[in-house]
Amino acid sequence: MIETNAVYVIVAREFKKFIREKSRLISTLARPLLWLFLIGGGMSRLVPAGENVSYIQFIFPGILGMTILFSSIFSSISIIWDKEFGFMKEILVAPVSRFSVVVGKATSGMVLSTFQAVIVLCLFPFIGLRLDPLQIVGVILVSAILSFALASFGILLASFYESYESFSVIMNFIVMPMFFLSGAMYPVKLLPEVLKLVSKLNPLTYGVDALKNIVFPYETGRMSADFSLFTDLAVILTLSLVFVLIAGKAFERKQ
Amino acid sequence: MVENLVKKFGSITAVDDVSFEVEEGAIFGFLGPNGAGKTTTINILCTLLSPTSGKAYINRYDCDRESAEVRRAIGIVFQDSSLDKDLTARENLMFHAYLYRVDKTERKERIEDALRFVDLTDRADDLVKKFSGGMKRRLEVARGLIHRPKVLFLDEPTLGLDPQSRTNLWEFITTLPKLHRVTIFMTTHYMEEAEVCDKIAIIDKGKIIASGTPADLKKIVGGDVIYLKTSNNEEAMKDIRKLFDMEVSEKDGEIFLSALKGDACIPALIREVGERVLSVRMQRPTLNDVFLKLTGKEIREQNGTGLDNIKAMVRSYRRRHDRD
């Protein structure tokens, strides 16, 4: 049902274009740096540290989550560009199933986002974090699953929009709130009830929480993770599957 | 092969009961003004749209139900470029080869062949955004042929090209059926371009109003028109009426008559009218005349809707700026 040739070549195309566009690489990496060091650095003067974790360390999993969120959604939204500039037709008339196209796109989102998350991950020594190899592998695995889920979610969004004017709508009304309500910048458990509820419906929350579980497993109290690692993984794995299936269906519509 | 094809978008019927058949290895031209339903028909044939009713078959496969088989058998050059401008020419072809599962052993060779065929070998590693409109079109045709399709669709292949690239592209297209054993299905609204087709169907407002070879269609107009300038038009007209039993009229100092085979008729005419003839010219009917005769309007002098005009403007804007 899934044609590997199609998945491979779609991923190869995205990767090649990504590597070629130096400015995109730099700007996607600049954002997490700004947040981590300017906001994190400044806020840690204001926010008292937890038991073992300072504020700048606390937001590190959140910043990884942000990197993954932006790059996954951006990668999927490129479908709208492809529709607008005609390249999508080349893919749609090819003898490959729509579902393979969706899986290919989601996989490219996964590859690109994980690649960027790994680069951001390399910053951990600079903020005084200590991670053993197993933790590093754990972070990379969670990043991969989370990016697949978010990229599929992005494809689902992209299937409803025809023109790239909608890009800013998606950014302002979906992506930014998702980031702020994911527990990336402040613990979900400290939020007012209403926002807590919204956070619990946010897929990114569980991804960030899984990363928190892995990066500081022994932390308890205010700055600890909000759910168990098992819950986190179960949610993001399920969502990956659900999103990619719905995105596949949304993509199959024929007039 | 298409039978009674109908496609409705809401209350608009874009394609209205269209039937035709294309023989293998032929160049088939689908002619009509903008908005006549050409692209909609192509989209149904290449499985992008489902018909409201009716059937379409390519290579004996049903376009609606056996879309995977149909897609393998066809190559398409869309009206708007569908190349990835941020990839090189070779990468675009490579993408296509993978997508259509071209065998690994043949992949490289076919791509090099295709590049040579469209004369883009020395630009193969340049990004497509640096290409001119004509080069992009050629690259798209090359791409459409990489997987050796049975049928190649060309939707307005010369739209937006300058006259020289247009002529070049046509010379190139007409060599395809022999070289690649491919059937060509093309649409155009330039009547003169359709002359190279083996068979033509003229479509207007979703209906096919005439079909046949270009020569057949021109017979609808009634053959060639011969214009004569003579020293004494009155007398010449009298003689011609008497000797040939033909309808002759006079206009702007010239007498003219229509004949099924003009070129064969001229020697006989001159022999009879003799020394009075000052000049002779003959005009062959164009497909434009055919369209004019059938619909009572010029094919290109039509006012599209506002939306069509905007679309056309955006398209030409993009074409122009794509080249930068």
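In the predicted model, H4(A) crosses H6(A) in a right-handed sense. The two helices, H4 being residues 60–84 of chain A, pack at an angle of about 150°, and their axes lie 9 Å apart. On the H4(A) side the contact is formed by Phe60(A), Ile63(A), Leu64(A), Thr67(A), Ile68(A), Ser71(A), Ser72(A), Ser75(A), Ser78(A), Ile79(A) and Asp82(A). H6(A) contributes Lys105(A), Ser108(A), Gly109(A), Ser113(A), Gln116(A), Ala117(A), Val120(A) and Leu121(A). Sorted by class, the residues of this contact comprise eight nonpolar, nine polar and two charged.

Helix H1 (residues 4–20) of chain A also packs on H6(A), at an angle of about 40° and with the axes 8 Å apart. H1(A) is therefore oblique to H6(A). Their crossing is right-handed. From H1(A), the residues in contact are Ala6(A), Val7(A), Ile10(A), Val11(A), Arg13(A), Glu14(A), Phe15(A) and Phe18(A). Their partners in H6(A) include Ser100(A), Val101(A), Val103(A), Gly104(A), Thr107(A), Val111(A), Leu112(A) and Phe115(A). Lys105(A), Ser108(A) and Gln116(A) of H6(A) take part in the contact with H1(A) and are also listed in the contact with H4(A). The contact of H1(A) with H6(A) has 11 nonpolar, five polar and three charged residues.

A further partner of H6(A) is helix H2 of chain A. The axes of H2 (residues 22–43) and H6 (residues 98–121) come within 11 Å and cross at roughly 50°, which means that H2(A) is oblique to H6(A). This crossing, too, is right-handed. Arg24(A), Leu25(A), Thr28(A), Leu29(A) and Pro32(A) of H2(A) meet Leu112(A), Phe115(A), Gln116(A), Ile119(A) and Val120(A) of H6(A). Seven of the residues in the contact of H2(A) with H6(A) are nonpolar, two are polar and one is charged.

Between the chains, 25 residues of chain A are in contact with 31 residues of chain B. The area buried between chain A and chain B is about 2700 Å², with 56% of it on carbon and sulfur atoms. Five salt bridges are found across this interface. A salt bridge joins Lys17(A) to Asp84(B), with the closest N and O atoms 2.9 Å apart.

Note on methods. Residues numbered from 1 in each chain as written. Chains lettered and ligands numbered in written order. Predicted model: local features only at pLDDT ≥ 70, side-chain atom pairs only at ≥ 80, totals over all residues. Heavy atoms only, no water. Axes fitted to C-alpha atoms, helices over the stretch in contact; angles between N-to-C directions. Helix = DSSP H or I, 4+ residues; strand = E, 2+ residues; numbered from the N terminus. Parallel < 35°, antiparallel > 145°, perpendicular 65-115°, else oblique. Left-handed = near helix turned anticlockwise from the far one by under 90°. Contact = heavy atoms within 4.5 Å. Nonpolar A, V, L, I, M, F, W, Y, C, P; charged D, E, K, R; others polar. Buried area = accessible area lost by both parts, 1.4 Å probe. Salt bridge = Lys/Arg side-chain N within 4 Å of Asp/Glu carboxyl O.
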